[in-house]
Amino acid sequence: MSNASNPEIDAKIISGLNSLLADAVVFRYKLQNYHWNVRGRQFFELHAQFESLYTAWTGHIDDVAERVRAKEAAPLATLARCLEHTRIAEEEGTPHDKQMVERVVADLLTIHKSVRDVIEDGESAGDRTTVNLLDGIGDEIEKNVWMLRAWHHGS
Ligand SMILES: [Fe+2]
């Protein structure tokens, strides 16, 4: 539930969650773009890895949007609004496989920073549900960054 005792911080959490939602929507589609368009000797590995990532982010999109709704606010509900609010750049080009992995890592780090900021606000507001949700997403991002960097280092 929303923390009525501090509406200002609660509004900040809601706006942070909506920014994360925008990032997640754009990032998810970018992952699927990479899933479709990756080429090269690592095709099968990366094709599957990008699918596993976009599947996970499909779940995160739903969880973050529903958290906004549970806090009695409106989640961003159109692609146009998500594009207005996101900090993630869409992929317009045709990067090679290592560049795709580099861009995914960079986007994950951008999103991770926002996740940390919303967690801080959630902690100061006593919003444990938001903190718990974002802790899980943050942990998963850290693991993915490690694995993608390990792959990149060895390729
Ligand atoms: Fe597919």
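Start by colouring the chain by pLDDT, which is the predictor's confidence in each residue, from 0 to 100: confidence is lowest in helix H5 (residues 128–154), at a mean of 96, and highest in helix H2 (residues 43–70), at 98. This is a predicted model, in which local features need pLDDT of at least 70 and side-chain atom pairs count only at pLDDT 80 or more, while totals for chains, interfaces and linings use all residues. Residues are numbered from 1 along each chain as its sequence is written. Over the chain, the mean pLDDT is 95, and 96% of the residues reach 70 or more.

Now show the whole chain as a cartoon, where you will find five helices and zero strands; helices (H or I, at least four residues) and strands (E, at least two) are DSSP runs, numbered from the N terminus. The radius of gyration, taken over C-alpha atoms, is compared with a globule rule of 2.2 Å times the number of residues to the power 0.38. For this chain the radius is 16 Å, close to the 15 Å that the rule gives for 155 residues, so the chain is as compact as a globular protein of that length. Along its principal axes, the C-alpha trace spans about 55 × 30 × 20 Å.

Select H2 next, a helix of 28 residues that reaches 40 Å from its first C-alpha to its last, close to the 40 Å expected at 1.5 Å a residue, where the expected span is 1.5 Å times one less than the number of residues. Its buried residues include Phe50, Trp57, His60 and Arg67; a residue is buried if 20 or more other C-beta atoms, placed from the backbone, lie within 10 Å of its own, exposed if 12 or fewer, and partly exposed in between. The buried residues of H2 pack against H1, H4 and H5.

Move on to H5, where Thr130, Leu133, Leu134, Ile137 and Ile141 are the buried residues, and what covers them includes helix H1 (7–37), H2 and helix H4 (97–125).

Finally, select Val115, which, leaving aside its neighbours within four places in sequence, is in contact with Leu20, Leu134, Ile137, Gly138 and Ile141; contact requires C-beta atoms, placed from the backbone, to lie within 7 Å. Val115 is also among the residues with the most contacts inside the largest nonpolar core, which has 37 residues; such a core is a set of buried Ala, Val, Leu, Ile, Met, Phe, Trp, Tyr and Cys residues joined through C-beta atoms within 7 Å. H1 gives the most to this core, with 12 residues.

Note on methods
Two residues are in contact if their C-beta atoms, placed from the backbone, lie within 7 Å.
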